[in-house]
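Here is a short tour for a first look. Keep the sequence and the model side by side as you read.

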Amino acid sequence: MSFELESIQRIKGIDRKTFEKEFLRPKIPVIIEDFAKGWPALDKWSLDHFRKVAGDTMVPLYDNSKVDYTKKVNEPVARMTFTEYLDLIEEKPTDLRIFLFNIFKNVPELCGDFFPPEIAPNVLTKFPMMFFGGKDSKVFLHYDLDLSHVFLTQFHAPKSAILFHPKYSKDLYRVPFAVHNIEDIDMDNPDFDKWPALKNVKGIKALIQPGETLFMPSGWWHYNTYVEGSYSLALRSMDPSPFTKLKGIYNVTLLRQFDNMARKIGGQGWIDFKDRLAIQRAHRNLTL
């Protein structure tokens, strides 16, 4: 068995008023086929181009290892030059990924290769981020800590995504004081006997082709797979709700700091405690 998934909607040629009414305000994911229309990046960016402009940059790498209580959240497992990494994802499958990569600090002229279109309100133009991954690498199920909307534009090869509404957080076994679920859950082949709350969950599947943009609303869970070695550009937009903004700020500052401190003090016991609490909450939800 697997999750019950419906195909994502796809749009193009939409105006801002319609986009806000039908997708932004109701927080509905959608693939925007022409979001990046007119971007120089569509023709200019390539693995060779990145080797040329930033090949000597040292980049942090991440894999799908379970949480190590001896390390801080988002501590990299390795580092190498950008060229070495691009060679790696071009040559063979690897679970090593680069995420939240601000290449633009080192190569600011790259910012001239893209721009937020008129339909995207309140984009944080000072904080574009890139994601790189090898064939078959996975991005664990999570929602974004800052609770911003994300416009994720894909380059080089397709990427698949599965998205879940925030209302399913308990059923997905969300870990307290974190923005991910229990790591033992196999999202590709979920065990509904071991994790019965997952039976309540319905999702949306998407295949993002190069040049297309996935709109991921604030708070939506997402699980991504790199079909081939590829990369994406994320533009973030703040949710207009004051409550959501404050919660995002709390998550980025206090929540993460508290969890890092608790892991340092409690070690594996803290991680096990959070998993037990996630299970209790999910299974309590089954009787409601």
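## A patch on the surface

A patch is made of residues with over 30% relative accessible area and no salt bridge, and nonpolar side chains are joined within 5 Å. The model shown here is predicted. In this model, Phe-177, Phe-258, Met-261 and Ile-265 form a nonpolar patch on the surface. Together they have about 400 Å² of accessible area.

Phe-177 sits in the loop between strand E10 (159-164) and E11. Its relative accessibility is 31%, so Phe-177 counts as partly exposed. Phe-258 is also a patch member. Phe-258 has a relative accessible area of 37% and is partly exposed.

## Aromatic pairs

How many aromatic pairs does a search of the whole structure find? The count is 29. One of them is formed by Trp-39 and Phe-115. This pair is edge-to-face, with 6.4 Å from centre to centre and 70° between the planes. It links distant parts of the chain, 76 residues apart. Trp-39 lies in the loop between strand E3 (30-32) and helix H2 (41-44). Phe-115 lies in the loop between strand E6 (97-101) and strand E7 (129-133). Trp-39 is buried, at 2% relative accessible area. Phe-115 is partly exposed, at 37%.

Phe-258 and Trp-270 make an edge-to-face pair as well. Their centres are 5.9 Å apart, and the angle between the planes is 80°. Phe-258 belongs to helix H5 (residues 242-266) and Trp-270 to helix H6 (residues 268-285), so the pair ties together parts twelve residues apart in sequence. Is Trp-270 buried or exposed? Trp-270 counts as buried, at 13% relative accessibility.

## Two buried loop residues

Pro-117 is in the loop between E6 and E7. Its relative accessible area is 18%, so Pro-117 is buried. From Pro-117 to Ala-157 there are 40 residues in sequence. In space, the C-alpha atoms of the two are 22 Å apart.

Glu-212 is placed in the loop between strand E11 (202-208) and strand E12 (213-216). Glu-212 is buried, with a relative accessible area of 10%. Which side chain makes a polar contact with the side chain of Glu-212? The partner is Arg-10, at 2.3 Å.

## Salt bridges

Side chains of opposite charge can pair when their charged atoms come close. The structure holds 14 salt bridges. In one of them, Asp-87 meets Arg-51, with the closest N and O atoms 3.0 Å apart. Asp-87 is in helix H4 (residues 82-91) and Arg-51 in helix H3 (residues 47-54), 36 residues apart. Asp-87 counts as partly exposed, at 27% relative accessibility. Arg-51 counts as buried, at 16%.

Arg-51 also forms a salt bridge with Glu-90, at 2.6 Å from N to O. Arg-51 lies in helix H3 and Glu-90 in helix H4, so this pair ties together parts 39 residues apart in sequence. Glu-90 is partly exposed, at 49% relative accessibility. Elsewhere, Lys-138 and Asp-188 meet in a salt bridge of 3.4 Å, N to O. Lys-138 is in strand E8 (residues 138-142), and Asp-188 is in the loop between E10 and E11, 50 residues apart. Lys-138 is partly exposed, at 23%. Asp-188 is partly exposed too, at 34%. Salt bridges that share partners join Asp-48, Arg-51, Asp-87 and Glu-90 into one network.

Key:
Residues are numbered from 1 along each chain as its sequence is written. Side-chain values use heavy atoms; hydrogens and water are left out. Rings of Phe, Tyr and Trp (its six-membered ring) pair if their centres lie within 6.5 Å; planes under 30 degrees apart count as stacked, over 60 as edge-to-face and the rest as tilted. Helices (H or I, at least four residues) and strands (E, at least two) are DSSP runs, numbered from the N terminus. Buried means under 20% relative accessible area, exposed over 50%, partly exposed in between (1.4 Å probe, protein chains only). A polar contact is a pair of N or O atoms within 3.5 Å; within protein, one must be able to donate a hydrogen and the other to accept it, and residues adjacent in sequence count only if both atoms are side-chain atoms. Patches are made of residues with over 30% relative accessible area and no salt bridge: like charges are joined within 9 Å, nonpolar side chains (Val, Leu, Ile, Met, Phe, Trp, Tyr) within 5 Å. Accessible areas come from the Shrake-Rupley method with a 1.4 Å probe; for residues, only the protein chains shown count as cover. A salt bridge is a side-chain nitrogen of Lys or Arg within 4 Å of a carboxyl oxygen of Asp or Glu.
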